[in-house]
Amino acid sequence: MNAPTPHTVHAAQGKPAAGQPIAFVSAEALRERVHAAVNDDHLRSSFRGAMDFLMAKRAAQFPDESELVSLRSLSEAIRQYSLSKLPDLLEQLEANLTRNGVHVHWAETPDEANAIMLDIARRHQAKLIVKGKSMVSEEIEFNHAMEAAGIGALESDMGEYIVQLAGEKPSHIIMPAIHKTKEQIATLFAEKVPGVDYTDNVDALIQIGRQVLREKFEQAEIGLSGVNFAVAETGTLCLVENEGNGRMCTTVPKVHIAITGIEKVVEKLEHVAPLYSILTRSATGQAVSTYFNLISGPRKADEKDGPQEVHLVLLDNGRSQAYADEQLRKTLQCIRCGACMNHCPVYTRIGGHAYGTTYPGPIGKIVSPHMMGLEQTHLLPTLSTLCGACGEVCPVKIPIPELLVRLRGEAQSAPHANPAMVGQGAGYKPLVSFAWRMWARIYAQPGAYKAFSWLASRFRVFSPSRQSGWTVARTPLKPAPKRLRDMVRERH
């Protein structure tokens, strides 16, 4: 065990994780990306249609409201119970996986995780790694780390394969290429896949991708996958997928590496069933996924297939910081279904790339600050109308709006010695804070407020004609010529 992550969780108590993950964009660049996305009519139209489709499919899976209420409560309870025992469950998971023959590694930062997997790849003289869909590997920029070391990392999920060919990042956590049209994909394949002519026939495009990937599965020395749930009592890794690429990655190459955040552990196998049920229905509107893989160790002597060596990398990357705070810990309940994105009016209008982070949408706005610090992400929690749709559809009842308000407050708070969040106070401005304190004092004293409102109505002509972003599309705000109290007095 390289990094005692369970003990890190035990001892976290507000301490941030060391190291910083890679940030895709700065806070300043975020404004420009959002502005560009809002003015992209094609993008808005595509996402509106896709999100409407997914919302309808999800709704069709829950015709019985009472069942949905019951399942959400049960799923929330399982996630909260698992998190309440997280340090102990991680140790139990490690013990049982080790007994099953799985090598368990602990990584506190993305750099540590990449170093662990690079060491495994070099020991096996790997030249190619095929990947099943894994957002954690996106989180640590795994592909770039391997390519920098001269090792190819090929995405095998069709959506991930498409965005990799395009040199892009996923725009949705379960549908990475949802922002692309079939015509764009057809052009991409014709340009990037040798010997392929342009066709926008969807079935033909899928067959082209599968043919390329099938050859790579046979060539790769290592397969990498994510983990949806890790069961502590049995030492089992659960992987949910639809295309079979995950099963190919975990069985064909001689070595299988799984990577997951430390929060994905549950105590018992029976805890997986309700989480799996609400995951697939919330994510894609499916009753079940096409494949559900249970991995408990490498190939045994009497088995005909499967990897000869299995590794699990457990990543912290700021999760201990969230764990240390009782309210922020609810962030870790997420099962990565993407339902909050599908129902978010902001995500629907700007798409996933505008956020500039691995995890976009409402869930990204509450997990990214833990991974990257509030210095770079303090504007993310403001990309919300606080309409509450994300919280209402979350299958494990994460109070996302409440957490967004909390993070907004953390960003604007005056920094102090023991902040709950790395980068607390990143958006703090002493002048703004002073103005609000003065307003609070005036508003709290009737005499002062009466005098202030009288002065404001008399000198309204001096109101500035430009008022930051408000006057870009609106008329300037001015105090009323008469106060309400004066108008009432005149009437009576």
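**Labels and their grounds**

Modeller: Start with the second largest pocket. Helix H2 gives the most to its lining, with four residues. Bear in mind that this is a predicted model.

Colleague: Which helices each supply at least two residues of that lining?

Modeller: Helix H2 (27–38) and helix H21 (430–444) do.

Colleague: How much space lies in the second largest pocket, and which residues are closest to its centre?

Modeller: The space is about 520 Å³. The lining counts 16 residues, and Arg31, His378, Leu379, Gln412 and Lys429 are the closest to the centre.

Colleague: What is the make-up of the lining by class?

Modeller: Eight residues are nonpolar, five are polar and three are charged.

Colleague: Which domains give at least three residues each to the lining of the second largest pocket?

Modeller: Domain 1 (33–52 + 326–412) and domain 3 (430–491) do. The assignment also gives a domain 2, residues 98–317. The C-alpha centres of domain 2 and domain 3 are 57 Å apart.

Colleague: Now the whole chain. How many helices and strands does it have?

Modeller: It has 23 helices and 10 strands.

Colleague: What share of the 492 residues counts as buried?

Modeller: The figure is 52%. For contacts with a separation of 6 or more, 73% come from residues 24 or more positions apart.

Colleague: Take a single residue. Why is glutamate 139 called buried?

Modeller: The cut-off for buried is under 20% relative accessible area. Glutamate 139 has 4%, so it is buried. Its place is in helix H7 (residues 135–139).

Colleague: Which residues does glutamate 139 touch, not counting those up to four places away in sequence?

Modeller: They are Leu315, Asn317, Arg319, Thr358, Tyr359 and Met371. Alanine 204 is 65 residues away along the chain from glutamate 139, and their C-alpha atoms are separated by 31 Å.

Colleague: Asparagine 317 is one of those. Is asparagine 317 buried or exposed?

Modeller: Buried. Its relative accessible area is 2%, and the label needs a value under 20%. Asparagine 317 sits in the loop between strand E10 (309–315) and helix H14 (319–324).

Colleague: What makes the phi of asparagine 317 worth a remark?

Modeller: Most residues other than glycine have a negative phi. Asparagine 317 is not a glycine, yet its phi is positive, about 50 degrees. Glutamine 125 likewise has a positive phi of about 50 degrees without being a glycine.

Colleague: Is glutamine 125 buried or exposed?

Modeller: Exposed. The label needs over 50%, and glutamine 125 is at 64% relative accessibility. Its loop runs between helix H6 (110–123) and strand E2 (128–131).

Colleague: Where is histidine 311 found, and how do you know whether it is buried or exposed?

Modeller: Histidine 311 is in strand E10. Its relative accessible area is 1%, so it counts as buried, given that the cut-off is under 20%. Histidine 311 touches residues including Val102, His103, His105, Val255 and His256. Leucine 154 is 157 residues from histidine 311 in sequence and 19 Å from it in space, C-alpha to C-alpha.

Colleague: Why is lysine 169 called partly exposed?

Modeller: That label covers values between the cut-offs of 20% and 50%. Lysine 169 has 24%, so it is partly exposed. It lies in the loop between helix H9 (158–165) and helix H10 (182–192).

Colleague: Last one. Which residues does leucine 477 touch, not counting those up to four places away in sequence?

Modeller: Ser463, Gln467 and Trp470. Leucine 477 lies in the loop between helix H22 (446–458) and helix H23 (484–491). Serine 465 is 12 residues from leucine 477 in sequence, and the two are 8.3 Å apart, C-alpha to C-alpha.

Key
Residues numbered from 1 in each chain as written. Predicted model: local features only at pLDDT ≥ 70, side-chain atom pairs only at ≥ 80, totals over all residues. Heavy atoms only, no water. 1 Å grid on protein atoms, 1.4 Å probe; cavity = no way out; pocket = protein on both sides within 12 Å on 5 of 7 lines; lining within 4 Å. Points joined across faces, edges and corners; volume = space filled by probe spheres on them. Nonpolar A, V, L, I, M, F, W, Y, C, P; charged D, E, K, R; others polar. Domains from an automatic or database assignment. Buried < 20%, exposed > 50% of the residue type's maximum accessible area, 1.4 Å probe, protein only. Contact = heavy atoms within 4.5 Å.
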